Number of protein chains: 2
Amino acid sequence: MFEFSTILSAAAKGDAKPFSGYPPFHFVGGNIDEPTVPTEALADAVGDVIRNLGHAMGKYGMDSGPQGHLPLRDIICKQLKRRAGMSVDPSEVLLTTGSLQAMDLVNKTLLNNGDVVLVEAANYAGTLTKLDALGVSYVGIELDNDGMRMDALEQALSDLTAQGRKPKYIFTIPTVQNPTGSVMPLERRLEMLALAKRYDVPIFEDDCYADLVFSGDRPPAIHALDDEHRVIYCGTFSKTIAPALRVGYLVAPWPLMGHILPLKTDAGSGALEQIVLAEFLPRNFDNHVEGLLHMLREKANTLCASLDEYFGADVEYRKPIGGIYLWVTFPKSVDTNRLYTVALGQGVEINPGALWTVEGADNKHRMRLCFGHPTNENIREGVAKLAQICFEEFGVPVRSGNVERE
Amino acid sequence: MFEFSTILSAAAKGDAKPFSGYPPFHFVGGNIDEPTVPTEALADAVGDVIRNLGHAMGKYGMDSGPQGHLPLRDIICKQLKRRAGMSVDPSEVLLTTGSLQAMDLVNKTLLNNGDVVLVEAANYAGTLTKLDALGVSYVGIELDNDGMRMDALEQALSDLTAQGRKPKYIFTIPTVQNPTGSVMPLERRLEMLALAKRYDVPIFEDDCYADLVFSGDRPPAIHALDDEHRVIYCGTFSKTIAPALRVGYLVAPWPLMGHILPLKTDAGSGALEQIVLAEFLPRNFDNHVEGLLHMLREKANTLCASLDEYFGADVEYRKPIGGIYLWVTFPKSVDTNRLYTVALGQGVEINPGALWTVEGADNKHRMRLCFGHPTNENIREGVAKLAQICFEEFGVPVRSGNVERE
């Protein structure tokens, strides 16, 4: 047998195992509620649109060129105007294979080995993994209930300046932050823009959860407040329609877009999703999201009630005001790396806090729970099981679910 | 305005312009005949399959995990067995955003800056661009009517060995080579495997055009003849169903697959295409390809007849036995870089030979013409126009189409 292990590149560090299915209690990944995937409306949308537009799929870029299906880019611009206050021309939109490809493209366009960027101190693990893979260092900016703290951001900018370094960008998820769930208020968004201007640094705004604010009321995007083309923006339909559709988008001004496009070396993202969404969205999106938010709010309530019931005062969390994640803090005696391993062996999967934070060692007593995909019943059962496992491993919760409560 | 040009990465070398539509005579790109895109059958396939399977799209990997929709991987394995003689398990198949993503993944997994690989001397321009971007050098192996020449391959392997270098892989498009259109006979495939074994080098087999052999009769894939897991293989449905669908696949043995998967950082390729193809293929693929080949053979005939009519003995080409490309040689006085620029200004787009060869300067009198997308009528008109432009610029053809023939 040829030994490929002897000729791997420096980038080939990972070693994945074959997929063996999902555990029964699966509180990880940005998956969503399966019954909410609008299969009927998508099925209704798709037949006619394939009959009408399908022949154009004979060309890589259909009739729209390398940035993706123009009618969908038009619709996205209208939605961004209406929902996020943004003024964007379709020529500034690139359709991507999910927002993760958008993130990879921005990184590839701007980052060199040895660069530094600023990120929220608790973050999407993939953000940090991607930066690690590029040899880019990052400074974690502390968060509070309103998102990234501006005093901490200013300190970091000032510290780097003193070192003669300049961050390539400030990465932020201002609207339903991942994993903490905060929504940054308007005033703080303006402050961030002012700081970015003062230190002449661009902002990379990830607005992937922005449609999932439970109240339906969100502040304008930072991009909407920017009059200097300083903000690169990405969004997605993964969290509102279906993650497996893999339709995300990147918003960037020209000529930056002209530098990004040559780095999208896959000759385009899937067109079928694009033409189906262009048909589906105008008639269905707002109603669909309204139903989705109802469902997510209920799941968030179930999760919080279950944590209260089975862990009581031994966990801390902030009740979600949007999104699909809960950021949970245990007493320091709980090591969620170990909890992850033991629980997974018993069919309960969680995200250990160390992977979702810049200062991983300081956050070993935290975890992220994703409540988008499991049913209410599965959430209750899974939390009960997790409480029992946690009690057996760490004596937390002090009165476990399998011990009779007074 | 923020000046992104001041903070670009070393990789951001390109500078694309906004898409401004296709020229009227568009003989470039691997686009296919629009009327052959099977819109009715796809539309029929898609409604029910979304109703039945759509909810699973609530998970990034549906029920199949990160390698893509398992039923489609099953079908691909059956097709590869039947059409290419390959024995592949679905766990060795990764669904990708077109075969270009497969190529990027193989490169990322195996290649470091400074490495060397072997490629066919005339090649897909993207192969060379991707290698250039990675800082990987390549040795071009001469081709004849049966594809890569084995004496030249052996010489290159021996030369590199003498220099103490070992190529990371031999890249080949053995079945309907791009751009020359050759099909490598069985005996030569076995020779290539023997050389690869002797020099202990893997083979990267790109079989993207393999379903387009006009006779319907193709030799087994090199992968099928390999008993040492030495061959990495990619294929696509871009050329048989529709390029805009972006469904390609990579075949690689474990544990190599385990090193590739972590580098696919987009959380999956579009699922809708995957579930639709899984529904469409078993009932339709063979019939569909038969009709497609009929159409392509007719277009190849039209293109050859048009070249004969308008260029006469002033161009050389080999009549296609498959595929969608024609590789055309002019007298040395014709510079296709200049022809490209002048013709594009008049609405005729061609691929200049310099970009499609390792020794570009030696191939400035060649060009690639793509006949998959234009209609027969468009081919005739476009070739007539090209002949007139070429005559005006270079005096070739000696008796141009706009000069009365005797």
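Reader: Leaving aside its neighbours within four places in sequence, which residues is Ala354(B) in contact with?
Author: Asn337(B), Gly360(B), Ala361(B), Asn363(B) and Lys364(B). Contact means that C-beta atoms, placed from the backbone, lie within 7 Å. This is a predicted model: local features need pLDDT of at least 70, side-chain atom pairs count only at pLDDT 80 or more, and totals for chains, interfaces and linings use all residues. Residues are numbered from 1 along each chain as its sequence is written, while chains are lettered from A and ligands numbered from 1 in the order in which they are written.

Reader: Is Ala354(B) buried or exposed?
Author: Buried, because 20 other C-beta atoms lie within 10 Å. The cut-offs are 20 or more for buried, 12 or fewer for exposed, and partly exposed in between.

Reader: How far apart in space are Ala354(B) and Val276(B)?
Author: They are 39 Å apart, C-alpha to C-alpha. In sequence, 78 residues separate them.

Reader: New topic. At what angle do H10 and H11 of chain A pack?
Author: About 120°, with axes 10 Å apart. H10(A) covers residues 336–345 and H11(A) covers 376–394. Helices are DSSP runs of H or I, at least four residues. Axes are lines fitted to C-alpha atoms over the stretch in contact, and angles run from 0 to 180 degrees between N-to-C directions.

Reader: Which residues of H10(A) make that contact?
Author: Arg338(A), Leu339(A), Val342(A) and Ala343(A). From H11(A) come Leu386(A), Ile389(A), Cys390(A) and Glu393(A).

Reader: And how many residues does chain B put into the contact with chain A?
Author: Chain B gives 83 residues, and chain A gives 83 residues. On the side of chain B, H1(B) gives the most, with eight residues.

How values were computed: Helix = DSSP H or I, 4+ residues; strand = E, 2+ residues; numbered from the N terminus. Contact = placed C-beta atoms within 7 Å.
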